[in-house]
Amino acid sequence: MSFSANIKKELSRAASARTCCARAELCGILLFASSLERSSVRIQTHNPLLLKHLGIVCERAMGYTPSWSASVTGSRHTISLDDPGDMERIFSVLGYEYRDQLVLHLNAPLVEDDCCRAAFLRGAFLTGGYVTDPERDYSLEFTTTHAVLSRELYALLCDMGMPPKTAKRRYTNVVYFKGSEAIEEILTLMGAPRAAMSIMETKVIKDVRNTINRKVNCETANLLRSVENGNIQLEAIAALKAAGRYEELPIRLKEAAELRERFPDAPLSELAQNADPPITKSGLNHRLKKIEQLYSEMRGEGK
Ligand SMILES: [Zn+2]
């Protein structure tokens, strides 16, 4: 089950206790449904708990539960209501005028109080929301094909001090948040504190993992560099020996060469620690570079 689907399950257990909140939540669920018309509503979801949750919300918002019909195809649940009488009651409870032309918009009096605003967002998220797996990205979005509704949601979130971003994807209007902190805040507000906590934990683990990776990469690069340097020096020593030039080298260079032969892969610092008589790292480096230089001069002469 996806991260987003788990959040919806968690939200489906967080029902609104007060009538005002239940109405706001029902409004959110319906406005962001797959289709909402004057005489019918259709919700498509992968959340198996939504039907039961919708019943509880309706009961608290209106004092009764319409007879929703539900069908399942694979993991997709389709919940719908086609009864004009039920639809009329729902619209009247939510404060919409039940006219021929239905304009989908957020009924402001429903979301005046903070408690109702949180409930409305929960409802909207249940049918129109999505959160990306925090392992991949930090992104939470509400999508709707209705531009007016999208603008009203944007205004509501700005008014709540959580300004989102907006985008248009073909026929879909997206109101979204980026960044783990904004997402944690809105999830907690909507009633999914466990999901918020899990994003927090994922972020901590990812941060630690990145730090370790950076460190390991850095150390690996250093190690490779010292092995590579060692190989060049060994090649230079072998070539000088083969050409009969090695014996002519000053004793200090020969000492450095022997040290390198004894510890072929050791980094310079380790090599310097094993030197007898002792020598500094930079002194030893200087001598080994000298050997490399003699080798490259010798190769130049050979050409
Ligand atoms: Zn309320």
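The largest cavity in this predicted model has a volume of about 40 Å³. A cavity here is a set of points, on a 1 Å grid over the protein atoms alone, where a 1.4 Å probe fits but cannot get out. Grid points are joined across faces, edges and corners, and a volume is the space filled by probe spheres set on the points. With a threshold of 30 Å³ or more, the count comes to 1 cavity. Its lining consists of Cys27, Leu30, Leu31, Leu36, Phe91, Leu94, Tyr96 and Leu104, where a lining residue has an atom within 4 Å of a point. Helix α2 (residues 19–31) gives the largest share of this lining, 3 residues. By class, the lining has 8 nonpolar, no polar and no charged residues. Ala, Val, Leu, Ile, Met, Phe, Trp, Tyr, Cys and Pro count as nonpolar, Asp, Glu, Lys and Arg as charged, and the others, Gly among them, as polar.

The model is predicted, so local features need pLDDT of at least 70 and side-chain atom pairs count only at pLDDT 80 or more, while totals for chains, interfaces and linings use all residues. Residues are numbered from 1 along each chain as its sequence is written, and side-chain values use heavy atoms, with hydrogens and water left out.

The largest pocket has a volume of about 560 Å³. A pocket is an open set of grid points with protein on both sides within 12 Å along at least five of seven lines. The largest pocket is lined by 27 residues, and Gln44, Thr127, Gly128, Gly129 and Thr143 lie nearest its centre. Its lining divides into 8 nonpolar, 16 polar and 3 charged residues. The elements α1 (3–12), β1 (35–36), β2 (41–45), α5, β5 and β6 each supply at least two lining residues. Helices (H or I, at least four residues) and strands (E, at least two) are DSSP runs, numbered from the N terminus.

Buried means under 20% relative accessible area, exposed over 50%, and partly exposed in between, with a 1.4 Å probe and protein chains only.

| Residue | Element | Relative accessible area |
|---|---|---|
| Thr127 | helix α5 | 14% |
| Gly129 | strand β5 | 7% |
| Gln233 | helix α8 (residues 193–242) | 3% |

Contact means heavy atoms within 4.5 Å. Not counting residues up to four places away in sequence, Thr127 touches Gly28, Ile29, Phe32, Ala33, Ile43 and Leu50. With its neighbours within four places left aside, Gly129 is in contact with Ser4, Lys8, Ala124, Glu141 and Phe142. Gly129 and Ile183 are 54 residues apart in sequence and 12 Å apart in space, C-alpha to C-alpha. Under the rule that leaves out residues up to four places away, Gln233 touches Arg260, Leu288 and Glu292.

Two strands pair if DSSP finds at least two bridges between them. Strand β6 (residues 139–144) and strand β8 (residues 172–178) pair in the antiparallel sense over 6 bridges. In β8, Lys178 is the bridge partner of Ser139, and Val174 is that of Thr143. β7 and β8 are paired in the antiparallel sense over 5 bridges, with Thr172 in β8 as the bridge partner of Arg169. The hairpin of β7 and β8 has 2 residues between the strands, and Arg170 there takes a positive phi near 50°. β8 is mostly covered, with 5 of its 7 residues buried.
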